[in-house]
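Visitor: Please take one part of this model and go through it closely. I would like its geometry and its packing partners.

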Amino acid sequence: MSNAQNYKFAGKTAFITGAGSGIGRATAFAFADAGANVAVVDINPTAAAETVKRIEESGGKATSIACDVTNSDQVKAAVDRCVQAFGALNFAFNNAGIEQGVVPLTEVSEELFDRLFAINVKGVYLCMKHQIPVMDKSGGGVIVNTASTAGVLSIRNQGSYCATKYAVVALTKSTALEVAGAKIRINALCPGITDTPMIERVSGGTEEGRTRLIGQEPVGRFARPEEMARATMWLCSDDGAFITGAALNIDGGQSAGIG
C-alpha cells in the first residue's frame, strides 16, 4: 500500500469509483493509509473485493460496492450504502473510465462513442448528482473527477476519448461554481500516461507499444498510480482548501507543449 505521508483523514470517508485497479485502487490504499474509511466502488465486484481485502490486511477500514456508474439507481444506492456503512461522505474520487483504441474518428463505432460518453461523462455527472446533496446536508466535502491530459490538449486518433475528457473538465468547472458557496470543492485530476491496466491495453502489452507511449512523456517515463493518488489526496486535504474548479495536470510535462 502507498505511503499517505502527512495526510490525516481519520474518521473521514472516501467514495472511490474504479477502485478495483489502477489509479482508483492506489487512491483507495492512500486514503486508507491516512485513516479514512473507504467505499471501494467498481463494476467488477471481484476486483473491488480484492482492494478491500488488501486494505483490511493493512489494518484499514473499507467496504466493496458493485456499481455501474452509468446507472443512476445504482449510483444513488452506492452513495447511500457508503453513508450507511460509515455515517458520512467527505471525499469522492470519481475515477471510473474507459479508453479507446488509437484509431481515427471515422473508425470509431457509434456503439463505442456512446459507451465512452456513458462511462466517462455520464458516470461523473451521475456521481456528482447523488454525492452533492449528501455533502451539502453534512456541511461540505471535496470531489475530484478523473479527466486526463487528453482533456486539456488534443491527441491524434483519440478524438472521441479526448472529447469525453474535455467534457469532464467542463462539467467539473461549471459544477464547482454552482456549489462553491456550500463548502463543496470540485476539481479535475488530469493524469498523464500512467502505468495501469488501461495503458497495458493501449500499448498492446508489448515493449514496442510501451516505448512508443513513453516517448510522448517529456520526463521519459510513465507516471505511477501512487503519484496520482498523492495528488488526489492533496486536493482533498486542507492544503488544497482554496482550490476549486481547477484542472490539475499531473503529466510529466506532456501538456506544456512540444519540446
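Guide: What follows is a close look at helix α4 and the two helices packed against it. The model is predicted, so local features need pLDDT of at least 70 and side-chain atom pairs pLDDT 80 or more, while totals for chains, interfaces and linings use all residues. Residues are numbered from 1 along each chain as its sequence is written, and side-chain values use heavy atoms, without hydrogens or water.

Start with the helix itself. Helices here are DSSP runs of H or I, at least four residues, numbered from the N terminus. α4 covers residues 110-138, 29 residues in total. The expected span is 1.5 Å times one less than the number of residues. α4 has a kink of about 35 degrees, centred on K122. The bend is the angle between axes fitted to the seven residues ending at a residue and the seven starting there. After α4 comes G139, with a positive phi near 100 degrees.

Now the partners. Axes are lines fitted to C-alpha atoms over the stretch in contact, with angles from 0 to 180 degrees between N-to-C directions. Helix α5 (residues 159-179) comes within 9 Å of α4, axis to axis, and crosses at roughly 15 degrees. The two are therefore roughly parallel; that class holds angles under 35 degrees, with over 145 roughly antiparallel, 65 to 115 roughly perpendicular and the rest oblique. Their crossing is right-handed, meaning that the near helix is turned clockwise from the far one by less than a right angle. On the α4 side, F113, L116, F117, N120, V121, V124, Y125, M128 and I132 make the contact, defined as heavy atoms within 4.5 Å. Among their α5 partners are Y161, A167, V168, L171 and V179. By class, this contact has 14 nonpolar, 4 polar and 1 charged residues. Ala, Val, Leu, Ile, Met, Phe, Trp, Tyr, Cys and Pro count as nonpolar, Asp, Glu, Lys and Arg as charged, and the others, Gly among them, as polar.

Helix α3 (residues 72-86) also packs on α4, at about 35 degrees with the axes 9 Å apart. This crossing of α3 and α4 is right-handed. The contact of α3 with α4 divides into 6 nonpolar, 3 polar and 1 charged residues.
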